[in-house]
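Have a look at the sequence and the model first, and then we can walk through a few spots together.

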Amino acid sequence: MQESLNTEIKFLPGVGPKRSELLNKELGIYTLRDLLYYFPFRYVDRTKFYKIRELQSDLPYIQLKGKIISYQVTGQGRGQKRLSAKFSDGTGIIELLWFKGFKWIPENHKPNVECIVFGKPSVFRNQINIIHPDIDDISKEKSLSSRLQPMYNTTEKLKNNYITSKVIQKMIFNLLETTAKNLEESLPVWLIKKTGIIHLNEALQTIHFPDNPEILKKAEFRLKFEELFLLQLNILKTKTLRVLKTNGYVFEKVGENFNNFYSNNLPFELTNAQKRVLKEIRRDMGIGKQMNRLLQGDVGSGKTIVALMSMLIAIDNGYQTCLMAPTEILANQHFKSLSGFLEGLNVSIKLLKGSTRKKAREVIHEELLDGSLKILVGTHALIEDIVQFQNLGLVIIDEQHRFGVAQRARLWEKSERPPHVLVMTATPIPRTLAMTVYGDLDVSIIDELPPGRKAIKTILQNDSKRLMLHAFMRKEIEKGRQIYIVYPLIKESEKMDYKDLEDGYFSIVRDFPSPKYYVSVVHGKMKAEEKDISMKHFKEGKTNILVATTVIEVGVDIPNASVMVIESAERFGLSQLHQLRGRVGRGADQSYCILMAGYKLSDEGRKRLEIMVRTNDGFEIAEADLRLRGPGDIEGTQQSGIPFDLKIAHLGRDGNILQYARDIAGEIIDKDPLLAADENRLLKLQLKKLYNKSVNWGEIS
Ligand code: ADP
Ligand code: MG
């Protein structure tokens, strides 16, 4: 199928070894197919002409119709020499400028001949000019008249080597005239009919050279649909096959421990959402298939209790369980709160961390093997090969996005059959992304907070208002509240970040001196024991303020802490800000989140902070994040194994197409999970081509 498109790009006439190397390096274009699927990032309407007197500096690419009046070459030597032209359209005169590659321009575009100038206006010394415009003869106007001009992204390096958007356009034009002229359809005819999408050939011709906006839309839809459809088809096929293949443990009853806990230990009434989710989990673990479920719930929505009650079901059916957390702080905290909930029940629980002593470790290993230890809480230490269970029936993973898929799989290997898996995340994931990143998981959502919570007030404050901030902090401390102050920690600037944190810590200690105030500090460079002590002091209310890096981001639960100050808030991503804010608002008191930001904010930075001020809804924030940044940057997506270099579809903006594609993929897989039917042969081949690297091209004909 279209094997000729696998030809290396250097064999395209007019490319050659040097240009091909640049295209490889700069744009990742290696084959003709790569070039064909290098789509314009936008289009310029070449039917509209501006007048010079209308020009402003902040216009996009525009075109003018007029005459060059005169040329002038100024400057001497390399890098100094330039060509300037005066251009008039009767409403005014502007300057056109070239700094290189202008040798033939005066020759090709004689003065006083009507022509079309195309480029992006800029301002120099209060004068508007256009640098490196394209010039076309007026005779070409006809052929351009109904065309949207494709614009391709290039890099500085490419431009320096004369590979401009226009040059790429020409390469693609050639390709579409030759090798890519009559491409075979890549989707089955019945699917094309069913969906009403246009054919591949037309779509590719149109996406590069659209005749009008309407047909361009159709081309975009066809290509986005195909991309998302094949992605979903693959996800659903993999998932369906896994479910068909793997048997799971059957937890058929709700037993003594669960019932005891429910009637004696449960300290509050479950929310409806918690009840619903618990039902979903129970059903999943009882039907003989392996559960693979994602439990989403905003910070503070009460996932821990759901986890615990699921564990009790496993234990009542004779199995062991474990809970894995991404940090020691979190593992400690889970261990404590679970132990607290379990008080008075006869359920053994232990904690295993990197820092657990050898003696204690050995005891744990033994008790796991003889089955007497029922719940093991821990960090990555749980994955080590030496940790073996007698019968691990349920694995709970907290804050999933920190663990990769491969790590999850290693936990599976610890028992005869794959244990049930419940992944908990407090990072609300937009629906479209969940469908894709966690496409092979079922999703449960706790969309309700326990009653009595007051909405957190979020305030955006300028750095210069530090005195006011400290006064506010004193007032809150007087009321008995505790305060977090969080500093960013970005890998690339780690040294400076620690300095910021240190400076911040000292200035806080200076302004909040003992014995009236006490300040804790927690950061990644401290030893585990030091961190624990610092956290403990804060948790027990012995200190008023906790100065920290983002180690406290996930899961830490201290209801009396009601103020979250985030320093250099503009440097955090939206989901991280939301996570941090979720540390407060856990008690009955009014909580505050104060975002401290510098004067110089990027547009995107400001937007992020404004969204934080506007809403507390994690899903809304996640959607905004996805729109602002795109999925590749969202935490967790990199490890997911999903190819996020989608060529045209955008998971943030094309949610509707994604849903449509998924529905159709679902119908197909329901009927024919192996894609064995004749009518699905082409689809099977496409998946193989896309997702199975070792394709035998000979087989595809
Ligand atoms: P998260 O979903 O962020 O992990 P937690 O499980 O830590 O949330 O719960 C947050 C707090 O709310 C905890 O102190 C927990 O005991 C409490 N909580 C959980 N469920 C309820 C409920 N149904 N009613 C009242 N408080 C609850
Ligand atoms: Mg939690």
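## A serine and its neighbours

Ser310 touches Leu278, Ile281, Met285, Leu394 and Leu422, leaving aside residues up to four places away in sequence; contact here means heavy atoms within 4.5 Å. Ser310 sits in helix α12 (residues 303–316), and Ser310 is buried, with a relative accessible area of 0%. Buried means under 20% relative accessible area, with a 1.4 Å probe and protein chains only. Between Ser310 and Leu422 lie 9.1 Å in space, C-alpha to C-alpha, and 112 residues in sequence.

## How to read the model

This is a predicted model, where local features need pLDDT of at least 70 and side-chain atom pairs count only at pLDDT 80 or more, while totals for chains, interfaces and linings use all residues. Residues are numbered from 1 along each chain as its sequence is written, chains are lettered from A and ligands numbered from 1 in the order in which they are written, and side-chain values use heavy atoms, with hydrogens and water left out.

## An enclosed strand

Strand β5 (residues 114–119) has five of its six residues buried, so β5 is largely enclosed by the rest of the structure. Helices (H or I, at least four residues) and strands (E, at least two) are DSSP runs, numbered from the N terminus.

On pairing (at least two DSSP bridges between two strands), β5 joins strand β2 (residues 62–74) in the antiparallel sense over six bridges. Leu64 has Val117 in β5 as its bridge partner. Strand β8 (residues 134–137) also runs antiparallel to β5, joined by four bridges, and Cys115 has Asp137 in β8 as its bridge partner.

Technical notes
Buried means under 20% relative accessible area, exposed over 50%, partly exposed in between (1.4 Å probe, protein chains only).
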